[in-house]
Amino acid sequence: MKLPFSYYQNPDVIFLAKDLLGKVLFTEIEGETTAGIIVETEAYFGAHDKASHAYGNRRTDRTETLYSEGGISYVYLCYGIHHLFNIVTSVKDEPHAVLVRAVEPLIGKEVMEARRKMPFTKPAISAGPGSAAKALGIDRTFNKKDLTGEEIWLEDHGIRYPENQIAAVPRVGVAYAQEDAFLPWRFFVKGNKYVSKPNKFDPQD
DNA sequence: CCAGCGATCGCCT
DNA sequence: GGCGATCGCTGGA
């Protein structure tokens, strides 16, 4: 059930971003297990993507994690407040990654409610990358973790969404990436209430 | 060494 | 819908 290390080695980060919808993201922190179904992702196409921290093969202390082999987590602080969780994919030195933007609470809902101070019936509990990470208890200490380990991992529960239920639209908050800002590399489950706000519904529907 | 800013969120109007 | 919070990373001095 736990996704094997090989799953993350796939060189096609766009495929993986879409394939990760429906997979279940787990954390175990101080004996408390929480998990959510991934319902929204964004692909970041490494060195060739102006929206990526690793654009142009930029290497700094922060981006070094992105050059790990697939199956490692990349967590960083955004706006001084929010922790954003990414899944590093592909082979070593190919800095591809998938940002998890929203999850649907599945296991440990009470724990998530305490972390977020709101009932799990409120979509805001885990809609949006900062909220999803907080609900699952993910912070900076989760950077560079093995995603097949005992603290954070993913499972395949056989959840599959038909093609026509998945929207592919431009990514959020990457206007600075110029022409790359228009690439349809944000994927989400249409109509799922835990999907983050911007363009919750496919404009074509 | 330090000023500017970000893959956001929640509160206020 | 508008805006302030808040801090590590980044690149230029």
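Mentor: A pocket is an open set of points on a 1 Å grid over the protein atoms alone, where a 1.4 Å probe fits, with protein on both sides within 12 Å along at least five of seven lines; lining residues have an atom within 4 Å of a point. This is a predicted model, where local features need pLDDT of at least 70 and side-chain atom pairs 80 or more, while totals for chains, interfaces and linings use all residues. Residues count from 1 along each chain, chains are lettered from A and ligands numbered from 1 as written, and side-chain values use heavy atoms, without hydrogens or water.

Strands E2 (32–44), E3 (72–78), E4 and E5 and helix H3 each give two or more residues to the lining. H3 gives the most, five. By type, the lining has 20 nonpolar, 11 polar and five charged residues; Asp, Glu, Lys and Arg count as charged, Gly as polar.

Next, DNA strand B. E4 (82–89), E5 (96–107) and H3 (129–135) each supply at least two residues of the surface near it, that is, with a heavy atom within 4 Å. In His-82, a side-chain N or O atom is 2.7 Å from a base oxygen. At Gly-128, a polar backbone atom is 3.4 Å from a phosphate oxygen.

Notes
A polar contact is a pair of N or O atoms within 3.5 Å; within protein, one must be able to donate a hydrogen and the other to accept it, and residues adjacent in sequence count only if both atoms are side-chain atoms. Helices (H or I, at least four residues) and strands (E, at least two) are DSSP runs, numbered from the N terminus.
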